[in-house]
Amino acid sequence: MRNTGAGVRWWWIGGAVISLTGAVLLARQAIDEQRALFETDARIVHRLLSQQVVQHDAILDTLALLQPGPEAPGATPPEQRLPALYPHILSVQRRDRGGDWPDPALAGAETASRQHQRPALATVELGSGRYRLVLAAEPTAYALGIDLRAMVPWAEWPMKPETSPVRVRLDHAGQSFTLQPGDPTALNTGRGWRFEFHKHLAAQSQPFDVVASRQMGWHELPWGRMLAWLAAVALVLTALAQWQGQRAARRRAEELLRLGQVARLNTLGELAAGMAHELNQPLTAVLANTQAAQRLLADEPPELDTARTAMAQATAQARRAADVVGRLRRAVERPDVQGSVLAVDLAEAVRRALYLLEPECQRRSVVPQLQAVDMVTVAADPVALDQIVHNLLMNALQALEGVDVNARRLSLSVSRADGQGELIVTDSGPGLAPEVLPRLFEPFFSTRAGGLGLGLSLCETLASGMGGSLTATNGPQGGAEFRLRLPLKDAE
């Protein structure tokens, strides 16, 4: 029979695994949700910035397409009205045919633009958040000065720049411009989970990299849901453990009741056997005396017929009393253990008894120690063997009640000895007095107040009926030592 303590431990180990697994899954779900949200926001940022840089190309293409005609003296060139329409355009410069750029960088960018047939970067100052873009055209080439921060469409921005933990920047040629600072403290700790996004803007003329990063800390995990899950699992496990404990206690009580009923029946048989033994002798004497009297009275005068009749009736009553005692003995006689001998694992029988007596051991603060090197299979009646082991353990536990709690020891050893299976039960109790040992297995002999003195007698009778033996001595270290031997099943 399995050990309830080990069963409860496995319940809690399984519950801990379920709890941790559920908590990990909840944490993983939260991490995946934050990663998905981060990637969605980063893609929106990339799309918005790409639209802006593509718009710069479109503005330059429009200026090149609408080449201006002769201008009136003192008139404002039309392209100079662009900063008013687009606040992020800081300036618009032009180079007419035959003219020169005031900055050599613009001339180099115009050469590159003419070569690649698209706008080209002139100067990039990401540290100050500015850059210039040039488009080569005839007869007039144009250059735009652009403010990076002003070009961001904050109204459509998917995050709040002041509070969002996401950091967004533009990188180019070793330079970097931060559009959104995020949480630099979290980014520098390296604790938790890091999300990153890298992608080029959708304009070859402005090859900036959009870089977004976020550090998710431990404090952002769904601790409330995780703790709620742990509490729910703990409640379920507690309920299951209580149910399991109640179920085990009910099974133990049923088994103890069954064993008690068998014990009472066997004890009653032992009692009837003792009564029959005690009554058979006087009844036999009565029968012999009345028969002798009947023979003597047969020689007496005829008036003694009445005496003969009375003695005949006494003889009949004596026989009737003997028959009644015999019927009583047969009615309550112990079952024939030899008729139900099976192959029984001796160590398993001990474990069954320890399981049934586990509450008694706990109440007395006794931890039994069982040593069983290998399987010892004996030829025995399972119920009779259970009763013998149960009685031996109960006697040992009762003997330990008179010993200090710290000195209580109960050892059980299962082995093979002299071709038989052997169980040795040793306790650290007061032991057996020398005058008690010779009478220990006598019926009606007991050293305990109120005891019937039939328990050990019954155990010895049951062991003998199965072809075994039960002996008792004092252990070498003190205490009592009971030795049960039964024939091995495989030795038959």
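Modeller: A crossing is right-handed if the near helix is turned clockwise from the far one by less than a right angle, and left-handed if anticlockwise. This is a predicted model, in which local features need pLDDT of at least 70 and side-chain atom pairs pLDDT 80 or more, while totals for chains, interfaces and linings use all residues. Numbering starts from 1 along each chain as its sequence is written, and side-chain values use heavy atoms, without hydrogens or water.

Colleague: Which hand does the crossing of α8 and α10 have?

Modeller: Helix α8 (residues 346–356) packs on helix α10 (residues 382–400) at an angle of about 55 degrees, with the axes 9 Å apart. The contact (heavy atoms within 4.5 Å) involves L346, A349, V350, R352, A353 and L354 of α8, which meet L385, D386, V389, H390 and L393 of α10. The crossing of α8 and α10 is right-handed.

Colleague: Which residue does a cis peptide bond join to E138?

Modeller: The place to look is the loop between β3 (130–135) and β4 (141–147), where the proline P139 is found. Omega is about 5 degrees for the cis peptide bond that joins E138 to P139.

Colleague: Is D418, in the loop between β12 and β13, buried or exposed?

Modeller: D418 is found between β12 (410–417) and β13 (420–427), and its phi is near 55 degrees, a positive value in a residue other than glycine. Buried means under 20% relative accessible area, exposed over 50%, and partly exposed in between, with a 1.4 Å probe and protein chains only. D418 has 67% relative accessibility, and therefore counts as exposed.

Colleague: And how does S365 count by relative accessibility?

Modeller: S365 is found in the loop between α9 (358–363) and β10 (369–372), and its phi, near 60 degrees, is positive in a residue other than glycine. Because its relative accessibility is 43%, S365 counts as partly exposed.

Methods:
Axes are lines fitted to C-alpha atoms, for helices over the stretch in contact, and angles run from 0 to 180 degrees between N-to-C directions. Helices (H or I, at least four residues) and strands (E, at least two) are DSSP runs, numbered from the N terminus.
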